[in-house]
Amino acid sequence: MKDTVSEYLFVIVGAAIIAVGFNVFLLPNQVASGGVSGISTILNGLFGWNAGIIQYAFNIPLFIAGVLVLGKKFGVKSFIGTITLPAFVILTSGWEPWTLNPLLGAIFGGIVVGSGLGIVFKGKASTGGTDLLAQIITKFTGLTLGTSVLMIDGIIAVSAALVFDLEKGLYAIIGLYVTTKTIDIIQLGFSQSKMAYIITNMEEEMREAIYREVNRGVTKLPAFGGYTGEEKTFLMVVVYQTEFTKLKQVVKMVDPTAFVVVSDAYEVLGEGFKRV
């Protein structure tokens, strides 16, 4: 019950944050950064129609179509996101813009809206809109979901360039990019860990040195050389960023010829990191 209440709160709070970002950053600067909010920005600029009413006009039919075409998998939380977002847009429509610089509007609007969307997604819901349309397109055309979303948002950005001017279309792309990156940060957090794959002929010495000097466990994984077909073993180790320099020193000390691949690691769960 506690988790369910938290998820509903995530949806409502996230929708409120999205609405504020839309009204104080995106709408006054005519930054139509994708989705139904982008469509409402364009129609508001063309006809002066209330953006919240426009979003209701698109969101509710799209939600109904999604349920009919894709099934009842969206749930009550997504329905709440669908109806509360336009409501908050209407409630905050009288707020003064925080900037009338389109570039700042695109960047900070993307950050605020992306934060709100990330919180809604943490509530295991969505705000409906063109995400549902993209899923419907995917079902009937066979396109991937990512391609469908990109196609819809691309059409909205091009429409913004035609309705307003080319610069506004470019600002829309910036806003969309910042929004997607912010969603990733809210969902995954900032990367605080690194994952290293180490291929070495001195695997036992390397494993012992990493355990002794860095105090991290190592996982041994089987591998085969793509050219020689020779069986090899590579080591996988996850460390905090603050430990990464020490790890590099240890690898260089044990085997200067070792082949190492490093990537960011998000949401590392388990002993020595976050609890599951």
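This is a predicted model: local features need pLDDT of at least 70, side-chain atom pairs count only at pLDDT 80 or more; totals for chains, interfaces and linings use all residues.
1. The stretch comprising residues 101-121 is 95% helix and 0% strand, with 29 Å between its end C-alpha atoms.

2. Which helices contribute to the lining of the largest pocket? At least two residues each come from α1 (2-26), α2 (35-47), α3, α4, α5 (102-122), α6 (130-141), α7 (145-163) and α8 (166-188). The greatest contribution is that of α8, which provides seven residues.

3. The space within the largest pocket amounts to about 700 Å³. Its lining consists of 33 residues, and those nearest the pocket centre are Gly35, Leu117, Asp131, Thr179 and Ile183.

4. Five aromatic pairs are present in the structure. In one of them, Phe47 and Trp49 are stacked, because their planes meet at 25°, under the 30 degrees required, and their ring centres are 4.6 Å apart. Phe47 is partly exposed at 49% relative accessibility, and Trp49 is likewise partly exposed at 45%.

5. Phe63 and Phe79 also form an aromatic pair, with 5.4 Å from centre to centre and 55° between the planes; this arrangement is tilted. The two residues are 16 apart in the chain, and the pair links distant parts of it: Phe63 belongs to helix α3 (residues 51-70), and Phe79 to helix α4 (residues 75-91).

6. Phe79, with a relative accessible area of 37%, is partly exposed.

7. Two further features involve aromatic rings. Phe25, Trp98 and Phe108 are linked by ring pairs into a cluster. Elsewhere, Lys168 is placed over the face of Phe164, 5.8 Å from the ring centre.

8. Strand β1 (residues 193-199) runs antiparallel to strand β3 (residues 231-240), and seven bridges join the two. Within this pairing, Val239 of β3 is the residue opposite Lys194.

9. Strand β1 is also joined to strand β4 (residues 259-265), again antiparallel and again by seven bridges. Here Tyr197 has Val261 in β4 as its bridge partner. When inspecting these strands, the reader may bear in mind that side chains in a regular strand alternate between the two faces of the sheet.

10. How far apart are the C-alpha atoms of Lys248 and Leu85? They are separated by 48 Å, and the two residues lie 163 residues apart along the chain. Lys248 is located in helix α10 (residues 241-254).

Definitions and conventions:
Residues are numbered from 1 along each chain as its sequence is written. Side-chain values use heavy atoms; hydrogens and water are left out. Rings of Phe, Tyr and Trp (its six-membered ring) pair if their centres lie within 6.5 Å; planes under 30 degrees apart count as stacked, over 60 as edge-to-face and the rest as tilted. Buried means under 20% relative accessible area, exposed over 50%, partly exposed in between (1.4 Å probe, protein chains only). Helices (H or I, at least four residues) and strands (E, at least two) are DSSP runs, numbered from the N terminus. A charge sits over a ring if NZ of Lys or CZ of Arg is within 6 Å of the ring centre and within 35 degrees of the ring normal. Two strands pair if DSSP finds at least two bridges between them. On a 1 Å grid over the protein atoms alone, a cavity is a set of points where a 1.4 Å probe fits but cannot get out, and a pocket is an open set with protein on both sides within 12 Å along at least five of seven lines; lining residues have an atom within 4 Å of a point. Grid points are joined across faces, edges and corners, and a volume is the space filled by probe spheres set on the points.
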